[in-house]
Amino acid sequence: MTESFHRSGEYENPYEGQQQAPVNPEWPPPPAYAPAHAPHPKKRNRGPLALIAAVAIVAAAIGGGTAYGIQELTGNDTVATSSTSTNVVPSSQKGTVAGVAKAVSPSIVEISADSNAGSSTGSGVIITSGGEIVTNNHVVAGASQIKATTSDGKSYTAKVVGTDSKKDLALIKLENASGLKAATLGDSAGLQVGDQVVAIGSPEGLSGTVTSGIISALDRDVTVPTEEGQDQGRQQWGQGQGQGEQWPFEFGGRQFNGDTGSDTTTYKALQTDASLNPGNSGGALIDMNGNIIGINSAMYSPTSQASSSSDAGSVGLGFAIPINTVKADLAKLRAGATD
């Protein structure tokens, strides 16, 4: 508006000196607005802001549509999920193994499980800041005590929340944990043979070990023992605290790394040539954007005898449970399933 007041409070008439039509004294003076055809300055300024806001809302809607969704727990514990287009790695290191390792390593733990059969080492993936961890069922099955160590060396006692032996999955929860860095769960449906991947785990107790490779094949039918048959099939490799666990499995009608026993289950797995060794079980298979796309679960070794552990090792035949299988199983695991 163009009206103004003198400091004395006297009204300054913007039309003073101009011929004006008589005005009813009871009416207020006409506002000195700009002509109706002139664009309103506020509307002109708000246009780009409204457009930006609209674009942001559309982008958020698209992101939410392609994502698996945020799963609420108690308090502020959430699972971060995304499409494979989400980039967890800093832009300066995008597409590099070093960038993936730096971004995701804080979300990977080493798991030590003690049972009547002895102790073994595996790996796990932190999926909530409050300490929920996904790992393989065979890593923690039958364990009387479970400990998890984060990448910064902090150790926690853990309890089993739920298990699914048919998918070789387990969910454990760290006690008195908070502020942990949760991994972002990606989308395994969009993977293609030849995609580059990174594996992080604790082979032979060497925590935080990083290897890389590609997706070698999709939808491999891998057969592993269920919980009832695990004591027969479990193989221990190495001695002392650093010993890893070599899990027997069956593929193409042949058994590898020992006898799978009579009680088995089969699932569709990702095949990778990223180096996996005993102790990598339960660790992460990651795309080059830093999203978890699989949980490492089995690897072929040229020997099936525990006494010949010096001959064991990765030959580029590793298998991982697709992360979409894990996400579909989370509600069941959280509910305390013991299948």
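N136 is buried, with a relative accessible area of 0%; buried here means under 20% relative accessible area, with exposed over 50% and partly exposed in between, for a 1.4 Å probe and protein chains only. The residue sits in the loop between β7 (132–135) and α3 (137–140), where helices (H or I, at least four residues) and strands (E, at least two) are DSSP runs numbered from the N terminus. The side chain of N136 reaches the backbone nitrogen of G282 at 2.8 Å. Contacts, defined as heavy atoms within 4.5 Å, link N136 to D168, L169, A170, S281, G282, I295, N296, S297 and I321, not counting residues up to four places away in sequence.

The model is predicted, with local features needing pLDDT of at least 70 and side-chain atom pairs counting only at pLDDT 80 or more, while totals for chains, interfaces and linings use all residues. Residues are numbered from 1 along each chain as its sequence is written, and side-chain values use heavy atoms, leaving out hydrogens and water.

Turning to the chain as a whole, its secondary structure comprises five helices and 20 strands. Of its 339 residues, 43% count as buried. Among contacts in the chain with a separation of 6 or more, 69% are between residues 24 or more positions apart. The accessible surface, from the Shrake-Rupley method with a 1.4 Å probe and, for residues, only the protein chains shown as cover, comes to about 17,000 Å², and 51% of this belongs to carbon and sulfur atoms.

In soluble globular proteins, nonpolar side chains tend to be buried together. A nonpolar core is taken as a set of buried Ala, Val, Leu, Ile, Met, Phe, Trp, Tyr and Cys residues joined through side-chain atoms within 4.5 Å. The largest such core has 33 residues, and V104, V125, I127, V134 and I292 have the most contacts inside it. Helix α5 (residues 323–334) supplies the largest share of this core, four residues. A second, separate core of 15 residues includes I111, I146, A148 and L174. Returning to V125, its partners beyond four places in sequence are S107, I108, E132, I133, V134, A183, G282, G283, A284, I292 and I295.

L191 lies between β10 (169–174) and β11 (196–201) and is buried, with a relative accessible area of 9%. Leaving aside neighbours within four places in sequence, L191 is in contact with I215, L218, L270 and I293. L191 and I293 are 102 residues apart along the chain, yet their C-alpha atoms are separated by 8.5 Å.

Technical notes:
Polar contact = N/O pair within 3.5 Å; in protein donor to acceptor, adjacent residues only side chain to side chain.
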